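Reader: I am new to this structure. Please take me through the terms used for it.

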Amino acid sequence: MAVPTQRVTSRSAGTVQTVLSALRARVPVGLAIPDRAALAARWWALIDAERHALPLWLPVAFAAGVAAWFLLPFASQRGGAAVALAGIGAAALLLRWRPVAALALLALAGMGAAEWRSAQVAHPMLAYRRVASFEARVEAVEIRSDRDQVRLALAPIIGADQSLTMGAGDPPRAGADEPPRPGAGLPPLVRVTMRGGPIAGVVPGARISLRAMLSPPAGAAIPGGYDFARRAWFSGIGATGFPMGKLRIVAPAPPPSGVLAWLAAARAGLQARIVAAVPGAAGAIAAAFVTGDQGAIPLDTAQAMRDSGLAHLLSISGLHIAVVVGGTIFLVRRLLGLFPYVALRWPVRTIAVAIAALVGIAYSLLAGAEVPTVRTMLATLIVLLGMVIGREALSLRLLAAAAMIILAVRPEALLGPSFQLSFAAVIAIVALYESRVGRWLTTAGEDEGFLGRSGRHVASLLVSGLVAELALSSIGLFHFNRAGLYGILANLLAIPWSSFVIMPLLMLALLAEALGLGGLVWPAVGWAMGLLIDLAQAAAGLPGAVLRLPTMGMGSYAMIIGGGLWLALWRTRWRWWGAGVAGLGLGLAFLNVPPDLLVSADGRNAALRLPDGRLAFLRPRTGAFLRGSWGDAVAGDGDTDFASVPGMACSADTCVSRVEIGGRRWRLLATLSRDYVDRAAFEPACAAADIVVSDRRMPMWCRPRWLRLDKTALATSGAVAVWFGDGRIEGANIGLGDHPWRPAVPVWRQRARPVASRTAPSGS
């Protein structure tokens, strides 16, 4: 068998050489097609030039595997991708293509980490809405002063007296498809939201009794939006709801036991003390600087911080850790230097670094150990280790190591804006200072004077701010549909003010509070925070301060992220290809057309995008959250309702509209009440409508011309977006497949399907 194999190989090689020779003979003079040896030489020369950047792509491959696990909807698809990656990795190992093998196997490891993490947190989830009376232990208390709410994380007590009844709107108990009788118990963790302020005695560890309306965790409010059910799954939450009546404290909370319980109690107490000592929005932001809890920040202040590009100051990350750790090193070295015996005989620098590391870890734990804090603390520890052993840490490799550790332990963090924003900003700045421009900005000239040095520092700040804003703006547009345009100028003032005034004042106030003298320093903290808020509001109020964009497609976002990483991680000239790819992705995002109709997952709320870009809502009392989410999704504002739009007729029971969108007139029928409507009157209205929207289970005889979005259909699809121009329909649950956090659809909700075609009717 060896001879035929050799003959085929020789013939193939001869054919390739013949084709190359023919091509060389036909190309114009001055052009040449390199042979295989030349191409291989160029390839290996490029790899050799980029050998220092190759390890940086290992966490990118791991993250790509994590993303693939979340984006592929069905287990069969995820299994097929895993088999393909394993095959590529094995083949690359046999061919000794070690970089390709490493990337494929790390992507496979990323998929495995996501699968393992999902299995680790697996827990029961409520299948349908219920009214439950139960006893529970309070696990966590989140005070949301901005919304006049308190959120409780409750662990129902097994064996306690529990009674469950069906919620309003659920199916009747009789029949073959009747759901299981209540009483089977509740999920291990339930989140309940209450109106008003905190209740005395309702603290972590307390045992309470309550009656609550519970529902499965809600999915995304719009297709492609943030998936709250996914977050609840990885947080261990199996149901959400609100109490019906007053809570009753069965047993008070015992004294905190254990380090984590003590830290949680200390964080809650410190939060309450700061908010009480510094009133208003200034105190809420001061508490966020110390504990990381942003729940007390008023909505308008938080929005001003985002629109001005200063929202990163509210998340404990690089700036805060750097000030705490750097300040600790400075103070410890100065204090030990006061004693000559210690300064001459002890390793003062090592002691200062060790104490700073412990202080930084304690600060991170006190702040809740969120992703930005953990990422920054990991990077800081590596830097401190480099200082102790006398070596300078490689910044991008440091970030790569921190990303790998976080994703290996919490792969779900990859999809959150916190992880993406924090890493994007730092990667962009580090890549800048490892480039020629960065080295020029940080290298002093031989005869450089004061003016030259000052100008170089100012230019360094401006360029750093510009690069960071470019990295953050695209991510902000994807997650929040808006980005601030004056963030560079605002940060030029806010970062020095926060580093050299606010953070030292906070440290001094906490020290004074421990000595019983906090009242002398907290007013100064409030004054400093007030100036920061004034700066944010002034920047956010400038003309054109906010860029808004409709919901960005996943393909455009992938091009932006991939192009940005290509630009940041490579070192040779081909890195600039990434700028073109990222720019193309951003351009495609700006060409995205927002949906014309939005319908909530329960069918109770709907919004129509008018020709002028405004949103008209079905119900005048649509909640602020849904108004804001849908307004951001279409880059418009909702300031009117269906009844106020010309061409719409609304009664107490229904709204019937004939509006012109996309060059034709559309007839929309939406129900408002649950009152009985006679079939003789309602069936012709259904037949005449293009789309029917209802929070009821519509009977089968209600057959609109195109689309029926009732409670039955929406239980499967989730929130729906409709484009009238091309007849496109997207559901929030369509891409979830069989992921475990996908809302379970009981049998009795799957009897009927929406009467819909794939394309819209041609006219009416």
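Author: What follows is a short exchange on terms and the values behind them. This is a predicted model, where local features need pLDDT of at least 70, side-chain atom pairs count only at pLDDT 80 or more, and totals for chains, interfaces and linings use all residues. Residues are numbered from 1 along each chain as its sequence is written, and side-chain values use heavy atoms, with hydrogens and water left out.

Reader: How many helices and strands are in the chain, and what makes a run count as one?

Author: The chain has 24 helices and 20 strands.

Reader: Why is Leu-314 called buried?

Author: Buried means under 20% relative accessible area, exposed over 50%, partly exposed in between (1.4 Å probe, protein chains only). Leu-314 has a relative accessible area of 4%, so Leu-314 is buried. Leu-314 lies in the loop between helix 9 and helix 10. Across the chain, buried residues make up 43% of the 764 residues.

Reader: What is Leu-314 in contact with?

Author: Contact means heavy atoms within 4.5 Å. Neighbours within four places in sequence aside, Leu-314 is in contact with Ile-285, Ala-288, Gln-294, Ile-297 and Met-305.

Reader: What makes a set of residues a nonpolar core?

Author: The members are buried Ala, Val, Leu, Ile, Met, Phe, Trp, Tyr and Cys residues, joined through side-chain atoms within 4.5 Å. The largest such core has 53 residues; Phe-289, Leu-310, Leu-506, Val-525, Met-529 and Leu-532 touch the most other members. Helix 8 gives the most to this core, with nine residues. Met-529 touches Ala-282, Ile-285, Ala-286, Phe-289, Ile-502 and Leu-506, not counting residues up to four places away in sequence. A second, separate core of 39 residues includes Val-66, Ala-400, Ala-403 and Ala-431.

Reader: Which residues line the largest cavity, and how do they divide?

Author: Leu-608, Val-659, Trp-666, Arg-667, Leu-668, Asp-690, Ile-691 and Phe-724 line the largest cavity. Ala, Val, Leu, Ile, Met, Phe, Trp, Tyr, Cys and Pro count as nonpolar, Asp, Glu, Lys and Arg as charged, and the others, Gly among them, as polar. The lining therefore divides into six nonpolar, no polar and two charged residues. A cavity is a set of points on a 1 Å grid over the protein atoms alone where a 1.4 Å probe fits but cannot get out; lining residues have an atom within 4 Å of a point.

Methods
Helix = DSSP H or I, 4+ residues; strand = E, 2+ residues; numbered from the N terminus. 1 Å grid on protein atoms, 1.4 Å probe; cavity = no way out; pocket = protein on both sides within 12 Å on 5 of 7 lines; lining within 4 Å.
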